[in-house]
Amino acid sequence: MDNQGLGTLNATDELAEQLERIGTQILNASRAELYFGMRFFDVALSSFDYQMNTEVAPFGTDGRSIFYHPQLLGGMYRRNRIQVNRGYLHMVYHCIFRHIVKPVNNISKVVSKISRPAKGRLLYYSILGGNFG
């Protein structure tokens, strides 16, 4: 392999590291903003690690990690960082209610299983309580 090939490889690695660092900073900022409004979610918000993955759009979770597409996440953050906060919180809710893998075809079945006080709190914190950023 010639020197030019090594230079391209190093530049690609550096770009990937930079994109990963920026994505992690965006998700950390989102987590911090959510924490200020919802301190009781401290453990849930802090339990993820972040992994760059260009297969997702713009982010997703398996319950342990948040996978993010760096360009799509960055674009979303530039347009409206509150959308990133809502997406992060949405993933936390999925983990809390344990529907990570199995999609729900009929949402009314899921909602009917949630107690009335819990529905009220979710509605308050998600919609009425507001702006998570």
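This is a predicted model: local features need pLDDT of at least 70, side-chain atom pairs count only at pLDDT 80 or more; totals for chains, interfaces and linings use all residues.
A search of the whole structure finds 6 aromatic pairs, and one of them joins Tyr35 and Phe36 in a tilted arrangement, with 6.3 Å from centre to centre and 55 degrees between the planes.

## A pair across the chain

Phe41 and Tyr93 form an aromatic pair of the edge-to-face kind, in which the centres are 5.9 Å apart and the planes stand at 75 degrees. This pair links distant parts of the chain, since Phe41 sits in the loop between helix H1 (3-37) and helix H2 (42-46), whereas Tyr93 belongs to helix H4 (residues 81-96), 52 residues apart.

Both partners are classed as buried, because the relative accessible area is 13% for Phe41 and 14% for Tyr93, and the class takes in values under 20%. Phe41 and Tyr93 also belong to one aromatic cluster, together with Phe40 and Phe97.

## Helix H4

Helix H4, which carries Tyr93, has 16 residues and reaches 23 Å from its first C-alpha to its last, close to the 22 Å expected at 1.5 Å a residue. Its buried residues are Val84, Asn85, Gly87, Tyr88, Leu89, Met91, Val92 and Tyr93.

Just after H4, the backbone at Arg98 takes a positive phi of about 55 degrees.

Key
Residues are numbered from 1 along each chain as its sequence is written. Side-chain values use heavy atoms; hydrogens and water are left out. Rings of Phe, Tyr and Trp (its six-membered ring) pair if their centres lie within 6.5 Å; planes under 30 degrees apart count as stacked, over 60 as edge-to-face and the rest as tilted. Helices (H or I, at least four residues) and strands (E, at least two) are DSSP runs, numbered from the N terminus. Buried means under 20% relative accessible area, exposed over 50%, partly exposed in between (1.4 Å probe, protein chains only). The expected span of a helix is 1.5 Å times one less than its number of residues.
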